[in-house]
Amino acid sequence: MNIPALLIGIGAASLLLLAGYLAGLWRGSKERTRLRGVAEQQAAILQVGSGGQRRDLSPLLDLVTKVGGFSSVLLSNEDGLVVASAGSAPDFDDMAAATVRLTSAADQFAANRGGALAVVIRDASDSTTLCRLFTTSDQTLALTATSNDTRLSTVALDPALAKIETALAAQTPIEG
């Protein structure tokens with residue numbers, strides 16, 4: 001075996017690995033910037049209403065569904081009860097009950113690391129379900145969305161959380 005040929009082969013392999021790594025860094029940075037812009041756009045579009053008054057959250061969740069490209073969005077409490085919903089889920093009550101079981105398992109799994117914030121499930125039909133947990137006014141809530149986008153990120157629902165928290169914290173009672 002020729003030593004110069006071996007050194008050239010190792011050098012070429014090293015350069016290829018370095019080029020792939022740098023290309024991945026560049027693509028990742030570009031995608032983070034794109035996602036940050038999408039999140040800012042969604043946050044600007046989602047508005048609670050005049051004066052920040054508390055109201056029925058279904059129109060707000062309709063907007064989250066539309067802007068986020070979700071097929072359904074559900075806001076449920078820690079007891080598995082539907083607070084508000086939007087979209088085309090076959091049964092929001094079943095979805096809320098499943099969310100309680102899912103979030104309980106996620107909390108047990110992540111207990112040593114401060115608890116779970118989000119869970120993403122991709123099922124056999126290539127549908128993705130994102131469950132985002134948050135606490136407001138000493139109540140744990142889950143914002144759950146379903147989508148056919150397999151690239152759904154764990155932070156996809158974060159722009160909506162502030163608006164939902166504002167709507168829940170307002171003084172006026174919920175209509176309906």
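Trainee: Which residues make the nonpolar surface patch of about 530 Å²?

Mentor: The patch is made by L15, L18, Y21, L22 and L25. Please keep in mind that this is a predicted model.

Trainee: Where does L15 sit?

Mentor: L15 lies in helix α1, which covers residues 3-45.

Trainee: And why does L15 count as exposed?

Mentor: L15 counts as exposed because its relative accessibility is 60%, and exposed means over 50%.

Trainee: Let me change topic to strand β1. How many of its residues are buried?

Mentor: Strand β1 spans residues 72-77, and six of its six residues are buried.

Trainee: Which residues lie on each side of β1?

Mentor: S72, L74 and S76 are on one side of β1, while V73, L75 and N77 are on the other. Both faces are covered.

Trainee: In what sense do β1 and β2 pair?

Mentor: They pair in the antiparallel sense over five bridges, with β2 formed by residues 82-87.

Trainee: How many residues are between β1 and β2 in the hairpin?

Mentor: There are four residues between the two strands. G80, in the turn, has a positive phi of about 85 degrees.

Trainee: What about β1 and β5, then: over how many bridges do they pair?

Mentor: β1 and β5 (residues 139-147) pair over six bridges, in the antiparallel sense.

Trainee: Which residue in β5 is the bridge partner of S72?

Mentor: The bridge partner of S72 in β5 is T146.

Key. Residues are numbered from 1 along each chain as its sequence is written. This is a predicted model: local features need pLDDT of at least 70, side-chain atom pairs count only at pLDDT 80 or more; totals for chains, interfaces and linings use all residues. Side-chain values use heavy atoms; hydrogens and water are left out. Patches are made of residues with over 30% relative accessible area and no salt bridge: like charges are joined within 9 Å, nonpolar side chains (Val, Leu, Ile, Met, Phe, Trp, Tyr) within 5 Å. Accessible areas come from the Shrake-Rupley method with a 1.4 Å probe; for residues, only the protein chains shown count as cover. A salt bridge is a side-chain nitrogen of Lys or Arg within 4 Å of a carboxyl oxygen of Asp or Glu. Buried means under 20% relative accessible area, exposed over 50%, partly exposed in between (1.4 Å probe, protein chains only). Two strands pair if DSSP finds at least two bridges between them.
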